[in-house]
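Subject: Structure handover

Hello,

Please find the structure below.

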Amino acid sequence: WKAWELLNHPQHAHWVQYKLDQRIDHLLIDEFQDTNPTQWQLILPLLQEMAAAEASRMRSVFLVGDEKQSIYSFRRAKPELQAQASRWLQEHLNATAFPLNKSWRSSPAIIESVNEVFKQDDLKKYLPTFPAHQTHQQDLAGKVVVLPLLKQLQDEEKEEPSGELRNPLMQPRPEKTGMHYLEGQLIAQHIQQLVQDRIAIGAEHKQRAIEYGDIFILVRHRSHVADYETALRQAGIPYLGANKGTFLDCMEIQDMEALLDSIMTPFNNLALAQVLKSPIFSASDDDLMRIVSLKTDNGLWIDRIDILHEELETDHPIHRAHVALTRWRELADKIPVHDLLDKIYNEANVLKRYEAAAPDALKPRVQANLTRFLELALELDSGRYPSLMHFLDYLRSLRTFSSDAPDEAPMETETSRVNIMTIHASKGLEAPVVFLADTMSIARDRYSMSTLVDWPAEQPRPVAFQLIPQKDLRDSVSQQRLQQSDYIEQRENAHLLYVALTRAKQLLFISACQPERGSGIDWYTPIHNAISGIGQTEDDATVIYSQGTLTQHANVTTTAPVNEAVTIDPQLTKPFSKLPRPDRIIAPSRTASTTSVEADEDAQQRGIAIHRCLDLLSRSSPYSIAGIQQLLASELGMNRDDPLLESYIEEAQGIINNPAFSHLFKLDQQVRGFNETPIHYQLDDRMVFGVIDRMILNENEITIIDYKSHQHATPDNLHELAEHYGEQMRLYAEGVRRAWPDKKINAALLFTHCAGLQEVLVD
């Protein structure tokens, strides 16, 4: 849009057009049928400059497009622009059109079927100028198969109510098998048959046996992809899914998120139970019942595991969980999240454990997702955050804003896989075998409470912009415009069908489920009618049309060459000498001498909660109290109305609203504040890690604040308590000084219980 404004603004449009015109001699636009009106108005000034230029300059314009493949109306593509542009080029640049209706991809069986489908009246009204297609692949064998329409049985026996309520813990709820799952099973059976029979594909002089990777399953939308994937998994067929933004919903990723959650908040029993049941520890239901049955004062599973592990063998899941979680919890606030995950992956052998637990068809996906999760820890500030809280908050934000949710990781595997994708995603691709699934659907009124834009191809701007009300509130003008819009939508559906059918090179399978109610987009009927007219019907109501013979591919065996013995350089067999590793300093939260400070579970919970509240309340866009209650209750495993939770929030609110601390939390525009700021640097031969709770940055100086939530802090003992944290604050200050060497560094401890601020000397 900004480029369009630049080329059409009267103050500088001619100068910009002239400068571009001097630099462009040849203009080629591919996929022109996907052009929208704004883009055409952007291109038109360039074409006008070409038309006005002197004839002696050798120049060319080349537009490539196919109106029948215009399927991006949601991007405002207008296929009419193809004809508009052709007329303009013929009138102003003496252009010539070269129609190409001969396929370099598909077999005669596919092309003849496409011709039969689109010469029917129901589709011809949307593609009135559809030309008969031919193919260069005259010797390529092919077949089109229309599978029987799956219908919901009308005489299904309904289970008579027994009069007794079902016990949901002992008796599963009866579920009716979905029709799309049955369709997926039918597709899976044909895929298995093709691969097992080693059907030969390719031209006669270079044929080979079909593999899973030669097969596409195409769908209009992703609504029923999960059913097809389930059927493929159960049949043991490897596949690449079509799901988008579902990375965080995968079970293995939820397990890893629960693991980090249980490390940060060990009192979250639900997260801990999920971790114990995961392949990381593989605890059984009996193991979990053993934990539940143990009676303790506070009901925390982590405490019960501490007690139980002593009486169990070292390889027992509960014992392994106690040892591992204790070690990982000690590291959690000392090293970055990526380093922590790397240790977990290695110490718990995570990848191998999940590979052993996953079904064969899912093994590559699980491996790829777990690797992607490790990489995700590097994407947040290049992996420098030691704070688990930051990383988990980052994951929750990705899940909240679904448009940013990451996709499942691409699988790097040598195993050939069936590819499930939408028709839109398949545009420009091809496959020897295509299954076009879900060719019937229910119609929906997608216009209610939406907008309708009427922008004719030849106009420089829209001629109408209308809000569409509900059905019972629409007038005659709205109905007329909607009828026109419906025609455009049906035309694009015909384009979409054409794209889907022409992805196949040799074999094309059509399947559908009859909707239980209503009617909508029906591709199955015109395809069935077309193939029935030229093919033959089998006993199971399958309709087949073929040209040429698809045969089994003969096994070809070759003798591998025998390698001669190779002499290995003795230097290569020597072990590496172990390199010295620098010591690591963790900027401590307290020195070893502060043994009097309470370190019980309640104090840890209090500290985590108050730190979290201060972080959320002091952001540039602070959280609401209700939002903080909900978030903390989830993170800490507490009830929203828990008096302890309310006391934590009240204490943090008192600090934020205290006038004595306004210079820390109520900042001017020229002063910047940062929460949970990580530091990571090398000091002599040691590495320093830490997290600064609050950092205030202004023109001449920096103030670093560390929160302390000790309940025994009083105005009289702040100086004494602060002495224990001198080394910590000096390490913080050194890291900040290296980043801003020209600024003065101030440091202070903020004791939240007594609302006291104690300065610490860091020079």
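Predicted model: local features only at pLDDT ≥ 70, side-chain atom pairs only at ≥ 80, totals over all residues.

Residues are numbered from 1 along each chain as its sequence is written, and side-chain values use heavy atoms, leaving out hydrogens and water.

Helices and strands are DSSP runs numbered from the N terminus (helices: H or I, at least four residues; strands: E, at least two).

Helix α7 covers residues 179–196, which is 18 residues. From first C-alpha to last it reaches 26 Å, close to the 26 Å expected; the expected span is 1.5 Å times one less than the number of residues. Its buried residues include Met179, Tyr181, Leu186 and Ile191. Buried means under 20% relative accessible area, exposed over 50%, and partly exposed in between, with a 1.4 Å probe and protein chains only. The buried residues of α7 pack against β8, α8, β10, β11 and β14, where contact means heavy atoms within 4.5 Å. Just after α7, Arg198 has a positive phi of about 50°.

An open sheet of 8 strands runs in the order β9-β10-β8-β11-β14-β5-β16-β15, with mixed pairing. Two strands pair if DSSP finds at least two bridges between them. β9 and β15 are at the edges with a single partner strand each, so one side of each has no neighbour in the sheet. Inside the sheet order, β5 and β16 pair in the antiparallel sense over 5 bridges, and Val145 has Ile544 of β16 as its bridge partner.

The whole structure holds 25 salt bridges. A salt bridge is a side-chain nitrogen of Lys or Arg within 4 Å of a carboxyl oxygen of Asp or Glu. One of them joins Glu347 and Arg327, with the closest N and O atoms 2.9 Å apart. This pair links distant parts of the chain, with Glu347 in helix α14 and Arg327 in helix α13, 20 residues apart. Glu347 is partly exposed at 37%, and Arg327 is partly exposed at 33%.

Glu635, in helix α22, is buried at 2% relative accessible area. A network of salt bridges links Glu635 with Asp261, Asp393, Arg396, Arg612, Asp615 and Arg619. The C-alpha atoms of Glu635 and Met264 are separated by 9.0 Å, although the two are 371 residues apart along the chain.

Regards
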